[in-house]
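Points are grouped by topic.

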Amino acid sequence: MSSLEKDFAAIDIEESEVEQDEKRAKVDFKMVTFSLGGRAYGIDIMRVKEISKAGRFTVVPNTPNYVEGVHNLRGEIIPVINLRRMFHLEELTRKKNELANVLILRIEESIVGVIVDRIDNVIGLDSSTIQPRHPLFTDINMKYIHGIVEVEEKLFVILDVEKIFGSDRDLSGDEIHVRRTMGTDEAPEKTKKAAPLKPADQDFQFITDTLKTFSRFHVDALNASWVKQRLADWKKIRQSEKKDVQLEDPEDALNFLIPFYSPCNGMLWNHEYRDRFVSLLNSGNTSAWKVWAVGTGQGQEAYSITAILKLQFPEARIKVWACDNDLLSISSAPTMSFAPEMIPEYLEKSGFLKESGKNFVFGPEFRDLLYFEYHDARHAGTLPELDLIVARDLLSFFDLHERQKILADFTEKLKPGGLLIIGEHEELTAPGWKKIEGNHIAGYTNEKN
Amino acid sequence: MRVEYINPFVEAAFSVLKEVLRIDIQRGELYLKSVSQPVLGVTAIVGLAGDVEGRVLFDMGESTAIKIASSMNGEEMVKFDELAKATITELANMITAQAVTKLHELGFEFDLTPPAIFTGDNMEVTDTGIEALIVPIEMEYGKIEINVAVREKN
C-alpha cells in the first residue's frame with residue numbers, strides 16, 4: 001500500500017509541474033500517459049482508478065490470449081489484460097519476479113487491469129487541442145482511438161478504453177444476433193456477462209489474425225465491414241458443413257476471401273461492369289488518359305480498361321501502365337490469348353482482337369497503348385502525372401504502414417481531381433480522398449491542390 | 001520494369017556465362033529491390049540510354065571475380081589486378097551487349113555506355129525513384145547478382 005501512495009504522490013508532483021507550465025492554457029482534460037512498444041499513449045484520468053505494480057497473475061483457462069490472468073486487488077478479483085498482446089505488438093518477457101506496471105481502469109461497473117510498458121505521468125490539457133483520430137497515425141485499430149494530441153512536441157495517442165474493454169464493443173448487432181440464434185453449445189448467455197469480451201469478438205479477432213497469417217490480408221477500417229458480414233455468412237456455411245468457424249489453413253483463408261474480390265476479377269470485364277466503370281469517368285476529359293493499373297495480375301483488367309477507354313474516347317491519347325509483383329502472372333500478360341467465349345460482345349465488335357489459331361489476341365497497335373511492368377507497389381517508380389489509378393483489392397493485402405506509403409504515392413502521382421478505383425468491398429477513409437457517391441464501383445477523387 | 005526487358009537480360013547473362021566459363025550455371029529466383037543494397041566487393045556497371053534510361057550492375061565477391069577472370073584468361077590468377085579488372089569489365093560488356101541486341105530484335109532502341117568497375121569493401125548502391133530487378137546467378141565460382149534498373153523516358 002505504501003508504495004502505491006508513493007506512486008500517487010510522484011504523479012501529483014509531476015501533475016502540478018505540468019500545470020504550472022501551462023498555467024495560461026485552459027485545462028479541462030487530464031490523461032495518464034504511458035508507453036507501449038516505444039509509443040506514447042494516454043487514457044482519460046477519469047477512467048483510471050489507480051496505478052499499481054503486480055506480478056504472478058492467476059491464469060484462467062479458455063480466455064482470449066491477451067488476458068494475462070486475474071489479479072487480487074485488495075480482495076477484488078479483476079481481469080488483467082496484456083495490452084501489447086492485445087494490439088499485436090511484440091511481447092516483452094518479464095523476469096521471474098519482476099512486477100508489471102498495471103493501470104487499473106474503471107469501465108462501466110467493472111474494473112480491469114491493463115499491463116503497459118511504463119507509466120509516465122499525468123498531463124493536463126485543453127480538450128480542444130485533441131485532434132480527431134486518424135487511421136494513419138498508429139498501428140492500433142482506429143476504432144480504439146479517441147484522438148491524438150501533441151504536448152511539448154510529443155505525440156500522444158489517446159485510447160478510448162470504453163470501446164476497448166467496455167461490454168458495448170463496437171460490433172454490428174447482426175453478428176451477435178446470428179451467433180445467438182444458431183444456438184451454439186457453448187451457451188453464450190453465460191460467458192456474456194463474465195468476460196469483458198464476447199465470443200463473437202473472439203471469432204472476429206481470430207479471423208483477423210488468421211487472414212493475416214495465411215493470406216497476408218490485413219483487416220481494418222478499409223475492409224472490416226465486409227469481413228464482419230462475411231464472417232456471419234461463413235459461420236452459417238461452416239455450421240452446415242459441420243466444420244469449425246476458424247480458418248485452419250491457407251485454403252480456408254482463400255475460401256473465406258473468394259467473395260472479397262471485385263467483379264470480373266481475372267477475366268475481361270463484362271457489360272454490366274463496363275457500364276459501371278464508364279459512369280464513373282468524367283466525360284469532360286476526352287483528350288488524354290494516363291492510367292496506372294496496380295496489381296493487375298495476368299492483365300485482363302488492364303486490357304479491359306484500355307479497350308473501354310479507347311471505345312469511349314476514340315480520339316484520346318491513351319497510355320496504360322499495368323504492373324504486378326507476381327513475375328509469372330505479369331510475364332504472361334503481354335502475350336495473353338482469349339478463347340472466343342471469354343470475349344464480351346463490346347470487344348468482339350471493337351476490332352481490337354485478332355484471330356490467333358483458335359483463340360484471339362489483342363492486335364499490335366492496341367498493345368502499344370499498354371505497358372506491362374514487373375513492379376512492386378511498395379517501391380519507388382516514375383510515371384507521368386496520371387488521370388486514373390485502378391488498384392482493386394490491392395490495399396487490403398498490405399499492412400497499415402505499407403498502405404500509407406502506397407496511398408501517399410497515389411496522391412503524388414495522381415492529378416488533382418484524378419480518379420482512384422479500389423476494390424468493391426474496400427472503403428477508403430484516409431483524408432484527401434473523396435468518395436464518388438451514386439456509383440456502385442468504388443471510386444475516389446484526389447483532393448490535393 | 002517492363003516485362004519485355006526482363007528475359008533478354010536473363011537469357012544473355014545465362015548464355016554468355018555458360019559460353020565463356022563452360023561450367024554449370026544456375027539461375028536463382030528473380031526479385032525486385034528498391035532500398036539501398038550492399039555491394040559484394042567487385043561491381044561492374046554499364047549504363048543504358050536510348051528509349052530508356054538506367055544501368056546494369058554485375059555484382060560479385062572478389063574471390064568469384066578472380067576465379068572468373070582466371071577461367072576466361074586460361075591462367076591461374078591470385079590477385080585482382082588490372083588484367084582481372086579488364087576481364088570482368090569485358091564480361092559485363094558482353095552480357096549487356098547481347099541483351100541489348102535481343103532487345104533491338106524486339107523493337108526497343110537501347111544504347112550502352114562504356115563499362116566501369118568499382119572495387120572495395122562495405123560499398124552500397126542506392127537508386128532513387130527506380131526499383132531494381134535482381135537476377136541471382138549461382139555457380140561453382142560463387143554468386144553473381146545482376147542488378148538491372150531501367151525506366152522509360154517519359
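Two strands are taken to pair if DSSP finds at least two bridges between them. The model described here is predicted. In chain A, β14(A) and β15(A) form a hairpin with two residues between them, and G357(A) in that turn has a positive phi of about 65 degrees.

- Strand β14 (residues 353–356) of chain A pairs with β15(A) in the antiparallel sense, over four bridges.
- Within this pairing, K354(A) has V361(A) in β15(A) as its bridge partner.
- Strand β15 (residues 359–362) of chain A is also joined by two bridges to strand β13 (residues 337–338) of chain A, and these two strands run antiparallel.
- Here F338(A) stands opposite F360(A) of β15(A).

**The seven-stranded sheet of chain A**

- An open sheet of seven strands in chain A has the order β16-β12-β11-β17-β18-β20-β19, with mixed pairing.
- β16 and β19 (433–435) of chain A stand at the edges with a single partner strand each, so one side of each has no neighbour in the sheet.
- On average, and ignoring direction, neighbouring strands of this sheet are turned by 20 degrees against each other.
- Strand β18 (residues 414–422) of chain A and strand β20 (residues 443–446) of chain A pair in the antiparallel sense through three bridges.
- In that pair, L419(A) stands opposite T445(A) of β20(A).
- Helix α10 (residues 300–312) of chain A packs on the sheet and touches β11 (288–294), β12 (317–324), β16 and β17 (386–391) of chain A.
- The direction of α10 in chain A makes about 170 degrees with that of β12(A).

**Contact between chains A and B**

- Chain A gives 17 residues to the contact and chain B gives 15 residues.
- On the side of chain A that touches chain B, the elements giving two or more residues are α11 (327–332) and β16 (370–374) of chain A.
- By class, the side of chain A that touches chain B holds nine nonpolar, six polar and two charged residues.

**Overall make-up of chain B**

- Chain B has three helices and 10 strands.
- Its elements run α-β-β-β-β-β-α-α-β-β-β-β-β from the N terminus on.
- Of the 154 residues of chain B, 34% count as buried.
- Among the contacts in chain B with a separation of 6 or more, 66% are between residues 24 or more positions apart.

**Helix packing in chain B**

- The axes of helix α2 (residues 62–73) of chain B and helix α3 (residues 82–105) of chain B come within 9 Å and cross at roughly 85 degrees; α2(B) and α3(B) are therefore roughly perpendicular to each other.
- Residues making this contact include I66(B), A69(B) and M72(B) of α2(B), and L83(B), T87(B) and L91(B) of α3(B).
- The residues of the contact of α2(B) with α3(B) comprise nine nonpolar, two polar and no charged.
- The axes of helix α1 (residues 3–21) of chain B and α3(B) come within 8 Å and cross at roughly 135 degrees; α1(B) and α3(B) are therefore oblique to each other.
- The crossing of α1(B) and α3(B) is right-handed.
- Among the residues in this contact are F9(B), E11(B) and V16(B) of α1(B), with L91(B), Q98(B) and K102(B) of α3(B).
- The contact of α1(B) with α3(B) divides into 12 nonpolar, one polar and two charged residues.

Technical notes. Residues are numbered from 1 along each chain as its sequence is written. Chains are lettered from A and ligands numbered from 1 in the order in which they are written. This is a predicted model: local features need pLDDT of at least 70, side-chain atom pairs count only at pLDDT 80 or more; totals for chains, interfaces and linings use all residues. Axes are lines fitted to C-alpha atoms, for helices over the stretch in contact, and angles run from 0 to 180 degrees between N-to-C directions. Angles under 35 degrees count as roughly parallel, over 145 as roughly antiparallel, 65 to 115 as roughly perpendicular and the rest as oblique. Two residues are in contact if their C-beta atoms, placed from the backbone, lie within 7 Å. Ala, Val, Leu, Ile, Met, Phe, Trp, Tyr, Cys and Pro count as nonpolar, Asp, Glu, Lys and Arg as charged, and the others, Gly among them, as polar. A crossing is left-handed if the near helix is turned anticlockwise from the far one by less than a right angle, and right-handed if clockwise. A residue is buried if 20 or more other C-beta atoms lie within 10 Å of its own, exposed if 12 or fewer, and partly exposed in between; C-beta atoms are placed from the backbone.
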